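Please open the structure in your viewer and keep the sequence at hand.

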Amino acid sequence: MSTLFEIVRPSYLLFPALIGTLIMGLVCPLVGSYLVLRRTVFLGLTLPEIAAAGVAFTFWLQELGLLPQLGQSERGLAMLGSLVFTFLGMGLLGYLEQRSKGLAEGRLAVAYAFAGGLTILFMVFNPAGQIEVLNLLRGEVIALSRGELQLLAVVFGAVFLTMLIFRREFLLTSFDRDLAFLLKGHQVIWDVLLYLLAGLLIALGVIMAGPLLIFGFLVLPALAARPLVNRMSSFLILASVFGMVMAFFGFYSSVRLDLPLGPTDVTVGCCLIFLAYGVRRLSVKSVAATVLVLFATAFITCCSMVTPSTPVPEAKAVRSDRVWLAKVKNSTGLPLLLPSTNPLRSAGEMIGKVSSDYRQNVMDLLRDNLRQELQQSGYRVTLPEDTDARFPPFPADTNAALQLGRDGKLSGLVFVSEIWRWEGYPQQFVRVFVDFKLVRLEDGAVLWDRRVQRAVPTPSSTHLGQAYTDAIRAVVHEIFG
Amino acid sequence: MKLERDVDGKKSARERGSKDESLPLVSLQNVDLGYDSTPVVRNVSLAIYPGGLIGLAGPNGSGKTTLFRAILGLLPILDGSLSRNCPLSAFGYVPQSAALDSQFPLSASEVVEMGAYGRVHSYQFLPPEEKDRRTEVLDQVGLPHLARRSFFSLSGGQKQRMLIARALMVNPKIMILDEPLSGVDEESRKSITDLLRNLTREKELAVFFSSHDLEMVQRVADSIVRVDKGKLWLEEGKARLQP
């Protein structure tokens, strides 16, 4: 529950990301509803893929020197590529729609496959920019800055208003083109406008949120709303409400359970669809009762999950002053190296004082900080590898840590740390998920444990190395009180 | 030479109604109709005047819908000339209900309201006078009690009557109905034909409907136009085949 209250506070670090996803959840289903009703859902899948190809193509051009290096404005450049490719793709698909006699699904499938292939090829042509392109295509909405949020609000707000104002024209053109022609003349303008709005949402959304999330927001809320309503106005309203529910609960679950936002949102959206088809079979009373029970369960669960955060106990409090500080276990699957920007280190490498093969990582730095703090808390810190160099990092799992300690013939206390997630965004924050435990090896008692799972603000960091260092200090400071 | 024109002229065609009651509402002269330069019906000459109930009879695939689409401007004519003495917005078109996509979540009243979309500005809510008109046309087709029901949950006959209500919502001078009696039970068929007769007699509307059932057309229509094997001819009645 504390997380729930925390994320809705404007001062919350990820508040712009929450508002950004809520805006997408509100607006995307309005356009997506028409894609669903017109049976052109695959357009919502193909256009983001085309936009992704545009992003990769732009970075390749930049690598070739045909576009300027813009430094911090790389998102702007990516957005340009995304927009140009999206609209070119839409234009081509529209032209083929008019001229070709083939299946619409077939054209979309070919376009999807072609765009997917091109994206990978452009990345292969540009190995230097591969990581940047992959990061952009992954679309971490969590890293949305306030400036980007403003742009998102303006563009999506304009799309929202246009959808609201021309709702009758879009409905008539989609439902009965013949009547639309008789009453309003040539309807192609409404088709063009609708697809233009879809293209705008997709081109911007792919950069801000990634292809998967934008596709999810376009179609899942509409599919969930469809079985529950019999009026077009109710359908559009409910689709938008479901979009926002998907955005909010996806965000909450992502923060609470430390899951990536895009896939979590999409999973919540799919659950809404199953729920909607289930609810349709129930009577109104049963639905009301189910909703009440669900809310009550969620409330009780959230309240019961609140645990007091205690700092690492002092040595005298645990009646032992000796602690084994195990190597920090890295379970992220990433090397978590600290990028070096230190000129002294570079000089040291040049004169051979420091091995250029060695580069400090997050685990080492965290352990150094832990060591200092433990010593200040009155502990005599010893390192397991001082007795036997073969000691690996200890896992946070108590039994596994005990087994390792006993196999290594250690006794007394052992302090274990395991990193599950460590993702940094310079000048913004580092998302961390680390488990810490203080275990007594004799009886296996866990004397203290703490899970730090949050976004640690690092606003003054100018590069990733500094952001990591700041985050480590903040985490260690937090667990020692 | 292809010729298709609105008698009222292009600019004010949607605002103004018919100027001269003695002129036919629609006139086709030596018109060839078809798709991709391939004629389906050749050399059609026909004039439709106000107040007539005209039935277009012919087997499936004979070109009935093609003729309707050409009259409504939805299909360009291949040859000849076609003129309309009223704007396109004065045409009340009733498509086959099966041609509408049941994927759309629409109530019956929302479908009927669509007939007013030509008069209501985009930014407006539906004005009270249009709501009154909606009630009126629903009364006319005898289905005011079904206004809130889902359109696609209605029976075939009820859907057809709702689509007639939508066409009436347009304030039409001429109504064109594509197979309004197909897939409809006998009771609904009777109520629809009674409704069409009333519209021609009381409202002076021209009603042009199609059916593949010649016997039924002979029972209902004042004039019968036959179409078959690429040819169209007047069998009997007041509708005029032009020279």
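**A pair of helices in chain B**

Begin by selecting residues 156-169 of chain B, helix α4, and residues 186-202 of chain B, helix α5: their axes come within 9 Å and cross at roughly 15 degrees. Helices are DSSP runs of H or I with at least four residues, numbered from the N terminus; axes are lines fitted to C-alpha atoms over the stretch in contact, and angles run from 0 to 180 degrees between N-to-C directions. Because angles under 35 degrees count as roughly parallel, α4(B) is roughly parallel to α5(B).

The model is predicted: local features need pLDDT of at least 70 and side-chain atom pairs count only at pLDDT 80 or more, while totals for chains, interfaces and linings use all residues. Residues are numbered from 1 along each chain as its sequence is written, and chains are lettered from A and ligands numbered from 1 in the order in which they are written.

Next, display Gly157(B), Gln160(B), Arg161(B) and Ile164(B) of α4(B) with Ser188(B), Ile192(B) and Leu195(B) of α5(B), which make the contact (C-beta atoms, placed from the backbone, within 7 Å). By class, this contact has three nonpolar, three polar and one charged residues. Here Ala, Val, Leu, Ile, Met, Phe, Trp, Tyr, Cys and Pro count as nonpolar, Asp, Glu, Lys and Arg as charged, and the others, Gly among them, as polar.

**Between the chains**

Now select chains A and B together: 21 residues of chain B and 21 residues of chain A form their contact. The chain B side comprises 13 nonpolar, six polar and two charged residues.

**Within chain A**

Finally, colour domain 1 (2-304) and domain 2 (315-480) of chain A, whose bounds come from an automatic or database domain assignment. Their contact takes four residues from domain 1 and eight residues from domain 2.

Definitions and conventions: Two residues are in contact if their C-beta atoms, placed from the backbone, lie within 7 Å. Helices (H or I, at least four residues) and strands (E, at least two) are DSSP runs, numbered from the N terminus. Angles under 35 degrees count as roughly parallel, over 145 as roughly antiparallel, 65 to 115 as roughly perpendicular and the rest as oblique.
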